[in-house]
Amino acid sequence: MTEEALAWEWSAADLAALQRFLEEQGISEGPLTTRQIGDGHSNLTYLVSGSRQVVVRRPPPPPLPPGAHDMLREARLLQGLAGTGVPVPEVLATAQADEVIDVPLYVMSHVPGPVVTTETPAPLADPACRRAIGESMVDILAKIHHVDWKAAGLSEMGRPEGFNGRHLARMRRLVADEQGRPPKAFAEVDGWLEAHAPAESGATIVHNDYRLGNVILAPEPPGRVAAVLDWELATLGDPLFDVGNFLASWPVAGEPMTPTAELGAAVLEEGYLTREELAARYAEITGRDLSELRWYTTMALWKLAVLFEYKHRRTKAGLGDEYFADPALVTSFLDRAAATADI
């Protein structure tokens, strides 16, 4: 299967069905135009313009791994977060498979503002705004971890007990051989993680991909997070998983860049907080002990190596996105994981 075969766009029939659906839901009227937004390597996100601008999320085209890309689960999570102080778009409508198109989808409000990756746009591009953006990201992460997920009706989202060891084992299975052994290149970091796995630091909502490129910033100063996006991997578990992933995605000048760090290269500009400042602010706000943070950051990098290796194998088999064809992407994560663990 080619990269082109994995692409998807709205046909005239699908667009007409979406127009009918939005009109029936009282969301928008009249003809629609669509524009894909986001990086396109996961769930597909479209800015849909009619009498009102909204955003539509749908899973990528098949074939998909079992249980992946549960759109309606993601929508339920956003609905549960409404009113908690975590800034998220409003879910306006959901649709089962074949109700609008052949897969589930949901419609959410459009939150104006930039998604920053490699460069901070004006008028946020000054040191004070950049610092405020970093502070806001830490503050919002702390709010996510403060949500009473039981009161929010989100108990079904995961099993926090035994999360660390279970998560390590589940990720290993994606690339292990028939005897359960990880590939040779993964083995050293895998063994270190197994030997040093800490007990859970708590039980909270875990975004699982919290980084600069997954938030919308308010378009005007001061710098702040206007909405947190891409909740498809969210679960219940150890909040320090998010902290480790967040820091692993935050590049440092002079350090080799992973693909995830490249998507946050803007933070190398003057004013953004350092990793140490981010961690210190999180610890101050939450009171959590970060003495085991190296394990969580190493785990985040190793996990990304596993996911990229899994997708690399699917691409080699003709079933995946050509973006993952380069094995050097996997190596970059493994090298950073080994360096972080100091092994």
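In this predicted model, L32 counts as buried because its relative accessibility is 9%, under the 20% cut-off for that label. This leucine sits in the loop that connects α2 with β1, the strand of residues 33-37.

With a relative accessibility of 33%, V252 counts as partly exposed, a label given to values between the 20% and 50% cut-offs. From V252 to L44 there are 208 residues along the sequence and 30 Å through space, again from C-alpha to C-alpha.

Turning to the chain as a whole, 11 helices and 9 strands are found. The radius of gyration is 20 Å, close to the 20 Å that the globule rule gives for 343 residues, so the chain is as compact as a globular protein of that length. Along the principal axes, the C-alpha atoms fill a box of roughly 60 × 50 × 40 Å. Of the 343 residues, 49% are buried.

The surface carries a patch of negative charge, in which E23, E24, E29 and E99 gather. One of these, E24, is placed in helix α2, which covers residues 12-24. E24 has a relative accessible area of 65% and is therefore exposed, since the label calls for a value over 50%.

A cis peptide bond, with omega about 5°, links A122 to P123. P123 is part of the loop that runs between β5 (105-109) and α4 (127-146). Another cis peptide bond leads from P221 to P222, and its omega is near 0°. Here the setting is the loop between β7 (215-217) and β8 (225-228), where P222 lies.

Positive phi angles come next. D98 is not a glycine, yet its phi is positive, at about 75°. This residue lies in the loop between β4 (91-95) and β5, and it is exposed because its relative accessible area is 64%. N208, which is not a glycine either, has a positive phi of about 80°. The loop between β6 (204-206) and β7 holds N208. With a relative accessible area of 8%, N208 is buried.

Key: Residues are numbered from 1 along each chain as its sequence is written. This is a predicted model: local features need pLDDT of at least 70, side-chain atom pairs count only at pLDDT 80 or more; totals for chains, interfaces and linings use all residues. Side-chain values use heavy atoms; hydrogens and water are left out. Patches are made of residues with over 30% relative accessible area and no salt bridge: like charges are joined within 9 Å, nonpolar side chains (Val, Leu, Ile, Met, Phe, Trp, Tyr) within 5 Å. Accessible areas come from the Shrake-Rupley method with a 1.4 Å probe; for residues, only the protein chains shown count as cover. A salt bridge is a side-chain nitrogen of Lys or Arg within 4 Å of a carboxyl oxygen of Asp or Glu. Lys and Arg count as positive and Asp and Glu as negative; His and the chain ends are not counted. The place of a charge is taken as NZ of Lys, CZ of Arg, CG of Asp or CD of Glu. Helices (H or I, at least four residues) and strands (E, at least two) are DSSP runs, numbered from the N terminus. Buried means under 20% relative accessible area, exposed over 50%, partly exposed in between (1.4 Å probe, protein chains only). The radius of gyration is taken over C-alpha atoms; the globule rule is 2.2 Å times the number of residues to the power 0.38.
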